[in-house]
Amino acid sequence: MKLFRYMIIVGIVMIVLSACSNSDFQGNMDVEVKDFKNTNQDGKEVNLSDLKGKVWIADFVFTNCTTVCPPMTKNMSDLQDMLNEEGVKDYRIVSFSVDPERDTPEALKEYISHYEADESNWDLLTGYDGKYIREFAEKSFQTLAIPDPNSDQIMHGTSFYLVDKEGTVVKSYAGNMDVPFDEIVLDVKQLTEQP
């Protein structure tokens, strides 16, 4: 009987603790984004300070990609639609090109035009070299961006990254297949509502 009561008390404590933890955002990363100053698809400069105070979702793509980038960009566009339908305000999307030599602002503009994307809060960035994006991806997002030695493709991570208002990567999600859209929307809403 004592064991039964003990198990009930432990169960209640666990429920209370889990309910409390839902109010505090729980991420799987804690990496500060390194400062950057890049050029978007409209030829405008975008830097980290422009994004301070905003929640943003980042990914890594390139326009000549023949495998994962098209579905990733479609998924990001669908996510953007869901966030807008939920009334989420003041968030941004940032896609870093991992093939900056070919991905001019014009190429990025052409690329995004094939998706039903709202470019008013989506920056596709370029204006750096391959070495820069390799180091930036590794240090800021703990992912790879390296040329495939056997083709003209770039090997890179397929995650979507959630960045908080302070410029810290707090969580990553599958961005290519089995994207947890509802989870991302809830997480973005929670972070945008925090002061």
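How many salt bridges does a search of the whole structure find? The search finds 11 salt bridges. Please keep in mind throughout that this is a predicted model.

1. Lys 109 and Asp 42. These two residues form a salt bridge, with 2.7 Å between the closest N and O atoms. Lys 109 sits in helix H4 (residues 105–112), while Asp 42 is in the loop between strand S2 (37–39) and strand S3 (45–47), so the pair ties together parts that are 67 residues apart in sequence. Lys 109 is partly exposed at 32% relative accessible area, and Asp 42 is partly exposed at 41%.

2. Asp 90 and Lys 54. A salt bridge also joins this pair, its closest N and O atoms being 2.8 Å apart. The pair links distant parts of the chain, 36 residues apart: Asp 90 lies in the loop between H3 and strand S5 (91–97), and Lys 54 in the loop between helix H2 (48–51) and strand S4 (55–61). Asp 90 counts as partly exposed, with 49% relative accessibility. Lys 54 is likewise partly exposed, at 22%.

3. Asp 78 and Lys 74. Their side chains meet in a salt bridge of 2.9 Å, N to O. Both belong to helix H3, where they are 4 residues apart and therefore separated by about one helical turn. Asp 78 is partly exposed, with a relative accessible area of 24%; for Lys 74, also partly exposed, the value is 41%.

4. Negative patch. Asp 81, Glu 85, Glu 116 and Asp 118 form a negative surface patch. Of these residues, Asp 81 has its place in helix H3 (residues 69–85). Asp 81 is partly exposed, its relative accessible area being 30%.

5. Nonpolar patch. Leu 144, Ile 146 and Met 155 make a nonpolar surface patch of about 250 Å². Ile 146 is part of strand S7 (residues 145–147). At 31% relative accessibility, Ile 146 counts as partly exposed.

6. Cysteines. A disulfide is a covalent bond between the sulfur atoms of two cysteines. The structure holds 0 disulfides. Are Cys 65 and Cys 69 buried or exposed? Cys 65 is buried, with a relative accessible area of 9%. Cys 69 is buried as well, at 0% relative accessibility.

Key:
Residues numbered from 1 in each chain as written. Predicted model: local features only at pLDDT ≥ 70, side-chain atom pairs only at ≥ 80, totals over all residues. Heavy atoms only, no water. Patch = residues over 30% accessible without salt bridge, like charges linked within 9 Å, V, L, I, M, F, W, Y side chains within 5 Å. Areas by Shrake-Rupley, 256 points an atom, 1.4 Å probe, with all protein chains shown as cover. Salt bridge = Lys/Arg side-chain N within 4 Å of Asp/Glu carboxyl O. Lys, Arg positive; Asp, Glu negative; His and termini not counted. Charge placed at Lys NZ, Arg CZ, Asp CG, Glu CD. Helix = DSSP H or I, 4+ residues; strand = E, 2+ residues; numbered from the N terminus. Buried < 20%, exposed > 50% of the residue type's maximum accessible area, 1.4 Å probe, protein only. Disulfide = S-S within 2.5 Å.
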